[in-house]
Amino acid sequence: MILERLGKELLYFDGGTGTLLQEKGMKPGELPETWNLTHTEEMVDIHRQYFEAGSDIVLTNTFGANALKFHDTEYELQDIVAAAVVNVKEGAWMGVHDGREVYTALDIGPTGKLLKPMGDLSFEDAYEAFKEVAQYGEEAGADLIHIETMSDTYEVKAAVLAAKENTSLPVFATMIFDGKGKLLTGGDVPSVVALLEGLRVDALGINCGMGPQEMFPVLEEILKYATVPVIVKPNAGLPKQKDGNVYYDVNPEDFAEIMQKITELGAAAVGGCCGTTPGHIRALIKRTESSRDILRRKKKAEDYTIVSSYGKAVVFGEEPRIIGERINPTGKKKFKQALKEHDIDYILREGISQQDAGAHILDVNVGLPDIDEPALMKEIVTELQSVTSLPLQIDTVDVNALEAAMRIYNGKPMVNSVNGKQEAMDAVFPLIQKYGGVVVGLTLDENGIPDTPEGRADIAGKIIKEAEKYGIPKKDIVIDVLTMTISSEPKGARTTLEALRLVKERYGVCTVLGVSNISFGLPYRPAVNSNFYTMAMQAGLSAGIINPLSEDMMRSYYSFCALMNYDKNCERYIEQYAGQSNMAPAVKDAKITLKSAIEKGLKEEAHHAAAALLAGKKPLEIINEEMIPALDTVGKGFEKGSVFLPQLLMSADAAKIAFAVLKEALERSGDAEQKKEKIVLATVKGDIHDIGKNIVKVLLENYGFDVIDLGKDVEPEVIVETVLQEDVKLVGLSALMTTTVVSMEETIKQLRKKKTGCKVMVGGAVLNQEYADMIGADFYGKDAMQSVYYAQQILKENQDNGISDTKKL
Amino acid sequence: MDSREKEAGRYLGYGKHAIDEKTWSLVKNCFQELDRTVKSRIVYRIFELETPDEGRVKIGGLNITSRNLAKNMKGCEKGVILGATLGIEADMLMRRYSLTDMSKAVVLQACGAAMLEEFLDSWQKEYAEEAKKEGYYLRPRFSPGYGDFDISCQESILRMLDSAKKIGLTMTDGYMLTPTKSVTAVIGMSREHVPCHKKGCEECAKTDCIYRR
């Protein structure tokens, strides 16, 4: 069994096959995988050469054999994979002369597609493609699955899950890094290691991209974080080009010399990638086989608590981290409303503003009664990950929602939470075991919350011990000793702080704490919160769950980091507060009118002007007398060519801010907001460029329309369904290219069939009036303003009624 | 104002008009943010090229039917195929500002395009020097989607470059490049120096385009 040897003795992979295939006559553009069936003898011979050179593990010729990449009408994928496995085994039979145990590794490479939301391949489709290959490989008798040359954490997660859930084979995964230790999709080394170890791969590492010499910095970082055995498979140097051909020129001896150093650093399995040959492997083995026993050499990696997103890892350490608490409906009317109305943008903006304010991790809680929490959690996690690179803390009591989110999460998430109740541990730990994650352990159990520090530490111990049964290491547990309100529990703060110290001392684990609960029921809460926050950090708190938009909390944070020398030369403190004392309260420019603020696109001024106007006018009067005329002026200027798109949008953003002020006033006064006409907007199926649609959206919202934004790459069926469900009378569709106008046409066709009286307006780079007529649209908007005018024309009657209704109030 | 700022202004539809103060400072700010966040990457290969007739180009085993391209490549015996991208970080920035600041999202879009063009221009200038040493002159870049050069050629081009692995450049089922701020192109290499100033806009038949140079 390979797992019995892995990490104890140095294991040898094979090297590259591309060059060898070319030597045997494979033409450029030919699919190498078909050679398993068409050139069996040649394939077997290549494998034989590697076994003869001494390789223990030889990869099947199946790098591109997945349904998404392999489009060959002549051969079935299953036959290719089966033949590939047999070819390696045949090669072993012919090439192993010393009776040693060798292994056939099913090679799985990337799909060559970018996953959603940045590309158009869904996580589930990627998973299915990998699953198919993995199953064929196991059926054919592969001994392990080797996923390699991955440059996207999300894709490798799909591949590892597919391999682990559908086969019982060991799973290895290696990624391709650049010289700076980054994946092409931006991921850094700790984020990759955290993700793969969380998914419980048996070995991880690096292949391709560089020669052995260039790999040292990345390798050193991998070895620093990885606790599982590390694989290294470099190219024979950096690629060079001559006469259109790519070649590599590090010779076997030089390759072996550097590889020896790599094994001395602590690599557990080594081989080669592009440009390496049986000669390279033979030389490598000759140099290193006398010291194959690596058990003594292997340094134990330190225990790092790491959470990650697609691009960024947050490593917990002495310096405290900030977990933003604002994506949570508890006690927030607007947030609840946003959840109910499915206003995803509102929630995403909460995430972005916290990131801007300095959060390192975002807590995500979307639990409300009568809400499909698994579906919503999944959606929000996906969307958040497309606008922020911060790791997320999935916060839910719904185990289904937790699993749904953990499965599609790109990275290693934080999970909030488990506690000392057996039931909770039975439900949550299997998920951590399967998907990986850092879980918050609350120190409460069946008997409630102990009122002594020792009692809480005992529960922490119980949680850590139970986690061990699942193979979840201590570093993946952070303990929350719970904040108790001091107005009802006089000794609450002292107990919490003491418990913080105690769990850290006893178990050496990281800690989190929801801070603001401390002041519940007291006046002027920020004072108590921020001081307690400082005290908790002083007691060793690893991460506070706080509101990063609260200046008091951030002042505590920056001061603490400066005082403790976590903030070198007080740089961040100075950046935040330089010039602070000199800052006078913002002077409101009384001279500028709301109309002129909007025309000039001045957001702050628009805010103040709107607020000032409210003293003498009703919100609706302000809208009709100041805002609409201003927007019209700008809109006309745009049409004439004296105002340009960025200016038009600056005005739109300023108007939006003024609207928000007026809306609040309307709500306060108890007046019903005027009924808004709904418009559905979507970028059609297959199209991923949505900036045009977003521009139209902002303008339509300015003019008082309720825009239901279905996003980009939207199936015709989804658009039709929404139109029917919401009884919408106007749909706006956008498409960028001729290839996607086809889906536009299809959408219009389906709309006509299912809903009479619904108008369709279209826009996008390749469209013109003629084209729009051809696909049966009602209106072609050559720019964003045209769509506003058309919407007004179509929905005017209704809108007029809406305004007059409100006026009657 | 430097050349890429001017280009960004053109993409924003300013044409020959002066860019207003506020937009200009936004343009500067967006370039700063892009310079900080994104990394331009390129992959290219040189292939044998022939133009058997006025409507076809053969390059490294790829047969392209396109009169425009054939005209552009006339007299070339080699060709560069290239792919370049700003990566997904640029897309993320645009997505993010689409939620919080639409004018910035639009300006970022224009700046991203200008940045990629500038990157390719400077690469091409450098490569032209290299090619000259071997006696070749470069033609202007020509991309799938220009004129009658069919966009579906993206698939073969990406495969020939192994661009997914090399620079993370992929495409959707509808032949759109992902990340979105990406370019593929063919550059002809000829022994003869043909002064050839036509590129991009001037070559395009859409004469009423507001983005025309």
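Two strands count as paired if DSSP finds at least two bridges between them. The model described here is predicted.

In chain A, five strands form an open sheet with parallel pairing. Their order is β22-β21-β23-β24-β25. The edges of this sheet are β22 (706–709) and β25 (779–780) of chain A. Each of these edge strands pairs on one side only. Within the sheet, β23 of chain A spans residues 730–734, and β24 of chain A spans residues 759–763. Five bridges link β23 and β24 of chain A in the parallel sense. In this part of the sheet, A:Leu730 stands opposite A:Lys759, a residue of β24(A).

Helices of chain A also meet the sheet. Helix α27 of chain A, residues 716–726, packs on the sheet and touches β21, β22 and β23 of chain A. The direction of α27 makes about 175 degrees with that of β21(A). Helix α26 of chain A covers residues 691–702. Helix α26 lies across β21 (678–683), β22, β23 and β24 of chain A. It runs at about 165 degrees to β21(A).

In chain B, the pairing described is antiparallel. Strand β1 of chain B (residues 41–53) pairs with β4 of chain B (residues 76–85) in the antiparallel sense, over eight bridges. One bridge joins B:Glu48 to its partner B:Lys78 in β4(B). Strand β1(B) also pairs with β2 of chain B (residues 56–59), in the antiparallel sense and over three bridges. Here B:Asp53 has B:Arg56, in β2(B), as its bridge partner. A hairpin of two residues connects β1(B) to β2(B).

Definitions and conventions
Residues numbered from 1 in each chain as written. Chains lettered and ligands numbered in written order. Predicted model: local features only at pLDDT ≥ 70, side-chain atom pairs only at ≥ 80, totals over all residues. Heavy atoms only, no water. Helix = DSSP H or I, 4+ residues; strand = E, 2+ residues; numbered from the N terminus. Contact = heavy atoms within 4.5 Å. Axes fitted to C-alpha atoms, helices over the stretch in contact; angles between N-to-C directions.
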